[in-house]
Amino acid sequence: MHEETSLTVGRVNRVLTERVKPAIHSARMPLEISAHQLPGEPIAPADGLALEYEPFTAGSMWGPAWGTTWFRMRGTVPAEWAGKQVEALVDLGFDVNMTGFQCEALAYLASDSGPVPLKSLNPRNQWLPVDAAPGEAVEFYLEGASNPVLLDYHPFLPTPEGDIQTSSPEPLYRVRHMDLAVFEPDVFELALDLEVLIELQAELPETSPRRMRILQALDDALDALDLQHIVETASDARAQLADVLASPADASAHRIAAIGHAHIDSAWLWPVRETIRKVARTTSSMATLIDEQPDFLYGMSSAQQYAWIKEHRPEVFARVRDAVAAGRFLPLGGMWVESDTVMPTGESLVRQFSHGQRFFEREFGIRSKGVWLPDSFGYSPALPQLMRRAGFEWFFTQKISWNQRNVFPHHSFLWEGIDGSRVFTHFPPMDTYNSQLSGMEVAKASRQFKENRVATMSIAPVGWGDGGGGTTREMTGKAARMASLEGAAQVEWKHPDAFFDDAKAELTDPAVWVGELYLELHRGTLTSQHATKALHRWAEQALIEAELWAATAAVHLGAAYPYEELDRLWQLVLLHEFHDILPGTSIAWVHREAVSVLTEVLSDAEELSSAARRALAGDGDRELVFTPTSVGGGRTLGAAVRDARSGTEGATLTESPDGYLLSNDLISVTVSAEGLITSAVDLTSGRETIPANQPANLFQLHQDFPNMWDAWDIDRYYRNRVEDLTEVASISASVVDGVATVVVERAFSESRLTQTIVLAPGSRTIVLRNGIDWHETEKLLKLAFPLDLFARETLAETQFGFQRRVTHVNTSWEAAKFETSMHRFVLAQEDDGFGVALVNDSIYGYDTTRDADGDDVTTTIRLSLLRAPRFPDPDTDHGHHQIEVGLVIGADAEIATAEGLRLNAPAHVVRGANEVEPLVSVTGAGIVVSSVKLADDRSGDVIVRVYESLGRRTRGTLDVAFAHSGIREVSLIEDEMESPRTGGKLVLHPFEVRTLRIARA
């Protein structure tokens, strides 16, 4: 930088910081303050205004962690301020760098009809409008939240402050001031002029004429500014900048579609109850900004967040509803929450869409056209089909910009899923969902946009986010200056729907990205907080079964279908799929409550199923087996008398000094004296699946201390240090009712585990039931299965199908996938189709390596069981866990799918009188019935969802066991289709999902 340039930049920055910004508010006078600290949880605003208030002095401390303090501010506008714009200025003890991660407040006015929400107060938004004439009284009420700072400049230090049960009762914050002040509009506008220009010039070529003229204008402006009379000379300074600010943008300038945004995490470093208040605070501020700025548009996703303010802050919701009706407050995304998309089942993602769209349509009369997920930790390759079949036209995220190793090659493109479906997708080249419209961000968008040769536009979500806060008047002021400004991109407030329409119109031949959008970061989210993940998995399945049996009882018996209860339970599950809850990256309070809530959901859902099954079975003493799954017609969705298993021999167990041999008519498994599996033979083919001298079922303990994001990340170097857990505290074996069992106990480090190894008659799956009492710190527990297979790829289940991943690391993209995701199974196969699958009931992470020793090739799959990060929950996963795994010998994709379903959805035995005919029966290789339920519109029609599970074309039939007037295809969320396929003949493409509506006669 030339010396003259450096001098100008330094001069502007100092004058702006030390003189201009402090002069935005001139005359000030303190308000009278009183306060009331609540002893417990928050209360309704009307109750807050009615509290008894005690005198409070600026400079005093307030607010223990997670506490609520109500403040009352009173004063009178001075007569000498006539003709001036008056505001209240409040500093609750803010750290200006931490918006949304510390104390904040919502301001209310009192009225005869109740509290009137005004706007929030936070580090970047410390003012309140005053609507009072000189001599008139003013009064404000503040609901202050003293949330502790958990993410600071040196983050990731373990802290007990993340749970109200362990946090300190000492006050955290000191009120600096609560004042009335005169707002000086010319000074405010000068500050924005200077800031926009000083940021813009920094992004221009060093000796460009445009930069030189801006620098000269800045010098001229400061020459015109009297530093002792800022207010009086601000307009003179602005006049020197008018020409450079009026110079229009180039015709070829990049175009930025700005949308106000706050990305409020539904839980993270705060509990759900605090998110409810964060949403109320931010939406109040955004409604106020909408009133003040005629061009401003604000977008917010997550129907759950709208539902919260409707229930808990109806006075805020009324303002939101009005702004939505005016087309200024934009419901985005069409989902219940901004969900994780890697771990939820396909049915859960369907319900995210259906519950989100139903809410938006019911409350506002609109539907979202696109899916808005800026911050989830990778994106399943099943999503493109699900989005398209749910009626969505576009997809937005930016998280892939966080990749550790590889830069994603596109910003606007078509994303293709496992079935070939494509959806138009955009990543903002700013690489943020919390833009402040800084010069650096705007220049970065222009410079980085990968499609610059053929396209001209990108999105900028503008506002403070994660902890809320949203867009500020400073940001809208910058947007106005950059609507057309030479050297900068053109900024326009624009609905994302309009952006995507325009982007698709100009990008007529977009590039195509095929397969998962794998995030090369945050790989530990597949494993952290196992209890949350396990209960969520079980609750998902319990609700799918509750729908099945309740629908069966409704059709066969005329029983009432529990619509409201199922909706309530599903919405609780959907909330806990939020991308900082299910991934295990929230504070202890969040996960403590998640375990409690999901336990109740599981119990309530199981009771719905149990009541329906009892009603269907009737009174009697026959053992009836209710089977909740159907794979290609091989299993049913009804109940039959228990099969006595005539002709099926029980499993055998032979003991030797070296261990135990477990056998049935399909497989033979050797368990060593150390509890390791040293042999697993498929008896039909004679194939051995365990390599010599490389035992499977090997627990391995790794040091796990990532560089940065503790609960989020597993860094590659964790593999460099490993301890094989081969020591045995005890081992025993038995055969009971034809089931062979070996029980192994191990003690290691600070933990213990008991593993029960089970082989049942007629099963090719050796089941491993692991009870783990886990008390480690910064450790990762893996369960390793070396396999005598030359597998070029693994097949890992995802929603409504599976994804293939190569086992080699030819490229940096492949090498980055050293920890990947699965649902109920991962399968390794040789080219002839012979393979081994690992099925599970509650885990999601695994890794694969392939090694060669001469002619012998070994493919090793390791399941990730438990982690022990210390931030944000210092005791992550400490306690007891049940994890069930199955080693399936001689498997292909069809067997793996069936065994995964069987492990996760076992049959139930009920004593009764009546066999139960399935409502529907499906035939066809690879066709899986995903759900059977009654229609959301409460018409009584039956909804059946099926999918092709093997990745190939198939045909089949859907037979219906009740009187009906027709079968027609509907959308994934049960909307009518223009030209629906009708009838019970099924023709499915690879991994195709179809939703069928059966009209009851």
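Visitor: Where is the place of Pro691, and between which elements?

Guide: Helices (H or I, at least four residues) and strands (E, at least two) are DSSP runs, numbered from the N terminus. Pro691 has its place in the loop between β29 (687-688) and β30 (698-703). This is a predicted model, in which local features need pLDDT of at least 70 and side-chain atom pairs count only at pLDDT 80 or more, while totals for chains, interfaces and linings use all residues. Residues are numbered from 1 along each chain as its sequence is written, and side-chain values use heavy atoms, with hydrogens and water left out.

Visitor: Is Pro691 buried or exposed, and which residues does Pro691 touch?

Guide: A residue is called buried under 20% relative accessible area, exposed over 50% and partly exposed in between, with a 1.4 Å probe and protein chains only. Pro691 is buried, because its relative accessible area is 6%. Contact means heavy atoms within 4.5 Å, and, not counting residues up to four places away in sequence, Pro691 touches Pro786, Leu787, Asp788 and Thr858.

Visitor: How many residues of strand β20 are buried?

Guide: Six of the six residues of β20 (residues 457-462) are buried, so this strand is largely enclosed by the rest of the structure. Met457, Ile459 and Pro461 point one way from β20, whereas Ser458, Ala460 and Val462 point the other way. Two strands pair if DSSP finds at least two bridges between them; here β13 (residues 255-260) runs parallel to β20 and is joined to that strand by six bridges, and Gly260 has Val462 as its bridge partner in β20.

Visitor: Which elements cover the buried residues of helix α11?

Guide: The buried residues of α11 (residues 439-448) are Gly439, Glu441, Val442, Ala443 and Ala445, and what covers them includes α3 (185-203), β13 and β20.

Visitor: At what angle do helices α15 and α16 cross?

Guide: Axes are lines fitted to C-alpha atoms, for helices over the stretch in contact, and angles run from 0 to 180 degrees between N-to-C directions. Angles under 35 degrees count as roughly parallel, over 145 as roughly antiparallel, 65 to 115 as roughly perpendicular and the rest as oblique. The axes of α15 (residues 563-575) and α16 come within 10 Å and cross at roughly 150°, and therefore α15 is roughly antiparallel to α16. Among the residues that make this contact are Leu566 and Leu569 of α15 and Leu598 and Val601 of α16.

Visitor: And which way are α7 and α9 set against each other?

Guide: Helix α7 (residues 303-312) and helix α9 (residues 346-364) pack at an angle of about 45°, with their axes 9 Å apart, and are therefore oblique to each other. The residues making the contact include Tyr306 and Lys310 of α7 and Phe359 and Phe360 of α9.

Visitor: Which strands form the open sheet, and in what order?

Guide: Three strands form the open sheet in the order β24-β23-β45, with antiparallel pairing. The edge strands β24 (639-641) and β45 (908-912) each pair on one side only, and neighbouring strands of the sheet are turned by 35° against each other on average, direction ignored. Helix α16 (residues 588-617) packs on this sheet, touching β23 and β45, and its direction makes about 40° with that of β45. Strand β23 (residues 622-626) pairs with β24 over three bridges, and the partner of Phe626 in β24 is Ala639.
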